[in-house]
Amino acid sequence: MSDQKAPAQPDPQEAEASPSPILNQPATRPQSTPPYSRSVVTDSMQLAGTNVATQEAVSEGVSVEGLTVKFRGTPLIEGISNLFEPNKVTAIVGPTGCGKTTLLRSINRMHDHVDGMQVSGKVVVEGVNVYGADVNVREVRRRVGMLFQRPNPFPRSIAENVGLAPRAHGLANRGNVRDLVQEQLTAVGLWDAVSSRLHGSPFGLSGGQQQLLCLARTLALSPDVILLDEPTSALDPDTTDHIEQLMKKLSEHMTVLIVTHNLAQASRISDNVLFLMKGSVVEAMSARTFFHDPADERSRAYVSGRIG
């Protein structure tokens with residue numbers, strides 16, 4: 001781990017400001033030491049919220065700075081830096097094996113659970129490096145939600161899939177959790193299909209309905225950022241179109257990052273594009289520029305289908 005700087009004395013004018021809950025809300029469960037090295041600890045982490053001016057200046061969107069992920073010493077992504085704009089949909093694209101999912105899973109520390117993973121660099125959410133020493137990982141994962149390629153409903157009832165996590169995080173209680181369940185299922189367009197069987201198993205739903213249920217479960221935690229890893233690759237065209245429309249709507253009040261191999265989908269829904277090859281950034285630009293006038297020959301070859 002890199003040397004840590006001594007924390008600066010807090011500014012009296014900043015001392016009463018509310019610090020980020022990512023830092024200062026203690027987890028309700030003990031957190032074990034992650035099984036990989038963390039070589040970056042920022043001043044804002046060590047100050048545990050006293051450096052409020054710095055946090056506010058970069059409080060929106062997601063920023064990755066010099067991010068490198070290795071698996072047992074082999075780089076999967078290396079030196080990636082990019083600002084993912086708030087209230088935008090950014091598509092992360094590139095050939096198979098270029099590091100798209102590795103990057104996505106770095107943002108909410110999903111690599112914590114994989115032995116042999118080493119992460120260095122910064123991932124900044126709400127002005128806080130989520131790999132810092134004082135970070136509440138449970139709170140990070142609440143605020144940075146994720147939807148996977150294949151639906152993964154919990155082996156509980158449909159209602160419990162949506163309502164359990166908000167209750168565990170103190171976002172709902174016994175008195176209002178039913179309203180929250182209905183609100184989130186309605187938001188994703190699933191309420192009419194499941195309202196009569198809320199206490200039934202989610203595994204009786206179609207694949208598309210299960211994915212919508214997982215999206216409702218994610219949104220029930222009120223995330224600031226949502227990560228989507230090929231969320232429609234196994235779905236029918238109607239459900240795909242429905243989820244794409246939801247992503248555009250969600251981007252009105254959160255940062256949306258989607259990994260996709262479907263360039264037509266990326267063109268339809270994204271505001272910005274990050275193009276990776278061999279674990280490094282080739283270009284980052286607006287979707288319009290990427291699909292119509294990319295600067296790099298590799299981007300032109302990828303868009304035209306000559307590589308990928």
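Reply:

H6 and H9 have axes that come within 8 Å of each other and cross at roughly 20°. Since angles under 35 degrees count as roughly parallel, that makes H6 roughly parallel to H9. The crossing is right-handed. On the H6 side, the contact is made by Ile158, Asn161 and Val162, and on the H9 side by Leu213, Ala216 and Arg217. By type, the residues of this contact divide into 4 nonpolar, 1 polar and 1 charged. Keep in mind throughout that this is a predicted model.

H9 is the helix to stay with. It covers residues 207-219, 13 residues in all, and reaches 19 Å from its first C-alpha to its last. That is close to the 18 Å expected at 1.5 Å a residue.

Is H9 mostly covered or mostly open? Mostly covered: 11 of its 13 residues are buried. The buried ones are Gly208, Gln210, Gln211, Leu212, Leu213, Cys214, Leu215, Ala216, Arg217, Thr218 and Leu219. Notice that Arg217 is on that list, and that Arg217 also takes part in the contact with H6.

A pair of packed helices is described by the angle between their axes and the distance between the axes. Here the axes of H9 and H10 are 10 Å apart, with an angle of about 15°. That makes H9 roughly parallel to H10, but the hand of this crossing is left-handed, whereas H6 and H9 cross with a right-handed one. H9 brings Gly208, Gln211, Leu212, Leu215 and Leu219 to the contact, and they meet Thr239, His242, Ile243, Leu246 and Leu250 of H10. The residues here divide into 6 nonpolar, 4 polar and no charged. As a reminder for reading such lists, an α-helix has 3.6 residues a turn, so residues three or four places apart point the same way.

Now follow the chain out of H9. Serine 222 sits in the loop between H9 and E7. The phi of serine 222 is positive, near 50°, in a residue other than glycine. With a relative accessible area of 48%, serine 222 counts as partly exposed. Go through E7 and you reach the loop between E7 and H10, where glutamate 230 lies. Phi of glutamate 230 is likewise near 50° and positive, again in a residue other than glycine. What about burial? Glutamate 230 has a relative accessible area of 11%, so it is buried, because the cut-off for buried is under 20%.

Threonine 255 is found in E8 (residues 255-259), and among the residues it touches are Asp224, Val225 and Ile226. Other contacts of threonine 255 include Gly61, Val62, Phe84, Glu85, Pro86, Asn87 and Lys88. At 4% relative accessibility, threonine 255 counts as buried.

Back to H6 for a moment. The loop between H6 (158-168) and H7 (177-187) holds asparagine 173, which is partly exposed at 43% relative accessibility. Asparagine 173 and glycine 163 are 10 residues apart in sequence, with 9.1 Å between their C-alpha atoms.

For comparison, take H4 (residues 100-107). With 6 of its 8 residues buried, H4 is largely enclosed by the rest of the structure. Those buried residues are Lys100, Thr102, Leu103, Leu104, Ser106 and Ile107. After H4 comes arginine 109, where phi is positive, near 65°.

And the wider setting? The chain has 13 helices and 10 strands, and 50% of its 308 residues count as buried. Among contacts with a separation of 6 or more, residues 24 or more positions apart account for 72%.

Key
Residues numbered from 1 in each chain as written. Predicted model: local features only at pLDDT ≥ 70, side-chain atom pairs only at ≥ 80, totals over all residues. Heavy atoms only, no water. Helix = DSSP H or I, 4+ residues; strand = E, 2+ residues; numbered from the N terminus. Buried < 20%, exposed > 50% of the residue type's maximum accessible area, 1.4 Å probe, protein only. Expected span 1.5 Å × (residues − 1). Axes fitted to C-alpha atoms, helices over the stretch in contact; angles between N-to-C directions. Parallel < 35°, antiparallel > 145°, perpendicular 65-115°, else oblique. Left-handed = near helix turned anticlockwise from the far one by under 90°. Contact = heavy atoms within 4.5 Å. Nonpolar A, V, L, I, M, F, W, Y, C, P; charged D, E, K, R; others polar.
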